[in-house]
Amino acid sequence: MAGTGPLLEIRDLVTEFRTETGVVRAVKGVDIVVEPGKTVALVGESGSGKSVTSLSVMRLIPKAIGGIVGGEILFRGRDGRVRDLVHEPEPAMRALRGNEISMVFQEPMTSLNPTQKIGAQIAEVARLHRKLSRADAWKHAIEMLTLVEIPDPARRADIYPHQMSGGMRQRVMIAMALACNPALLIADEPTTALDVTVQLQILELMRRLQREIGMGILFITHNLGVVAEIADTVAVMYGGRIVETAPVEELFDRPSHPYTRGLLDSLPSVDHAARAAGKVARLKAIPGSVVDPRNPPHGCDFNPRCRWVIPACREAVPPVFPVSPTHGARCLRWNELDG
Amino acid sequence: MAEPLVSIADLKVHFTVGRTMFSPGTVVRAVDGVSFDVGRGEVLGLVGESGSGKTTLGRSILRLVEPTSGSVRFEGEEVTTLPPSRLKRLRSRMQIIFQDPYASLNPRMSVGQTLSEALELHAIGTRADRAERVGDLLEQVGLPRAVAQRFPHEFSGGQRQRIGIARALAVNPGFIVADEPVSALDVSIQAQIINLLQDLRQELGLSILFIGHDLSVIEFLCDRVVVLYLGRIMETATAADLYANPRHPYTRALLDAAPVPDPRKRRERITLKGDLPSPSAPPSGCVFRTRCPFAIAACAETVPPLETVGARHQVACIRAGELDLTE
């Protein structure tokens, strides 16, 4: 990897959308750092702004409906130079996308071209960015299919997306994303539509490829089990802000934002003694609904659902408090959540 | 044990796809000879991957999909041969909750209209009674009575699922098929709906067939679990027994594959290779053998019968006696 320092550094990113009812601020000052060869999990529910953050990095939000209105997205390219993607001209972004920065989406069927053979779609990426000849690009496509463990790759290169299963299609998407050896892979819920057995295959594949290729991964998910499997560090997003960030073990050991705490507490776990006694078990659910980005509450976005809420929480958005040098929580009461 | 509420015997649902004037088409064996009971007040979990036939099976019990053969008995009465005129009465005793609450609610009807339609169809109460009952139903699922005036798009996903549950409860059913009712919901909302189902089960003594793929949700909610693969039962046991002592390699693989929310438990596991085979061309013998790490030549020869290996514990694997699948 050329140079030293983070691969991607998002600083105070703000992204807005224009809607019929006015401007909606979906991302309200987000900071994320992805180191080379490491995985950052961005965790959040619908409306948290996690997908908008990733689309902002890729600069894939159509100008007609919205865009980035503040902050920096510093990306260290293969040449070692750091560029701010917020101000990068569109032709330069096109040269980066699918090349140095790649993206894998949740639903592979909607991001593959249904009328083109698998191999041709992967070859196209290699032809576009690496200027390979037609024959070399096809050979490269088959190598990529081999890399993502698709059996019988030469034959599979010659079929269409609808002839494959969901798991196979997601492998093809990953093959296409990795065709140019990206430094950064953004994976937006890549396993959410898959069965658990296939999800595990894809997670293991991504881990292996990261070891071999050394790419940094920004992994967007809502599944805390998947986070525990794949992340080095975790950023928890709620209402367009990062509410907590920490190395993965620290986050699970000492969740210091009530939302993170609530997510972990609401996971089903069986109390065998209570069950044997015939008790009907209940989960510790977080009350209320996820925040509506069109109508956020005053102060901390989580305050209407929070059981630790105090009047100060309704007055201003809390700053980030340092739980440890590597762990931050945006909660006034981060130190009082025990019990 | 007392007579079960629902009793399913050798149920088959086969579809013919791709039939044209020139081609007889292919038979897809979505459900292929399934037998189990659901006891009164019991919550039975049905797990399997997509393509395992779990949704088709759930729907065929209510005859939303017509079974090809076999028997479904509800309170001792055969359901599969009921004439259409008597199906309506059956469906006031059996209801279904769908995965996507938005797709299953009519966007042009207010919540009150949706709920009272169910009551009208089954001729329950007078107009005034029905308005009262709609309010009661909404309260029962944790929504204010006043939301009866509002339309589905005004609700969040979790609230819509509450409405879907209220509609199922409207006719006072004894049995509910819940087809992945929390899978489409946000994590923080799932727990609310799971708690609601727990409460309703306790208050109303409901029996539920809970179809899902999240094994931790199934373990939490269900008394007993049926593991389905390519339309056949691989294993069935009480939840406690199944999770502590799985006897079928497929059950073990499913449990292994579920991501554990504990970063210290990151482990190398037996990963199943490949995907579910097509149900139109299932493997001979044991349908799981093509992905089974323990398959031997004999597995291709005969379909393994479900054999009892413990109290309420049955498994369909010829090697069940020799394999140690505990962790």
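Helices (H or I, at least four residues) and strands (E, at least two) are DSSP runs numbered from the N terminus.

This is a predicted model, where local features need pLDDT of at least 70, side-chain atom pairs count only at pLDDT 80 or more, and totals for chains, interfaces and linings use all residues. Residues are numbered from 1 along each chain as its sequence is written, chains are lettered from A and ligands numbered from 1 in the order in which they are written, and side-chain values use heavy atoms, leaving out hydrogens and water.

**The sheet in chain B**
- Eight strands form an open sheet with mixed pairing, in the order 6-7-8-3-9-10-12-11; two strands pair if DSSP finds at least two bridges between them.
- Strand 6 (94–97) and strand 11 (307–310) of chain B each have a single partner strand, so one side of each lacks a neighbour in the sheet.
- Strands 6 and 7 (residues 175–179) of chain B pair in the parallel sense over four bridges, and B:Gln95 stands opposite B:Ile176.

**Where the chains meet**
- On the chain A side 47 residues are in contact with 41 residues of chain B.
- Three salt bridges are counted between chain A and chain B (a side-chain nitrogen of Lys or Arg within 4 Å of a carboxyl oxygen of Asp or Glu).
- One of them joins A:Glu249 to B:Arg264, with the closest N and O atoms 3.2 Å apart.
- Helix 8 (196–213) of chain A gives the largest share of the side touching chain B, eight residues.

Conventions:
Contact = heavy atoms within 4.5 Å.
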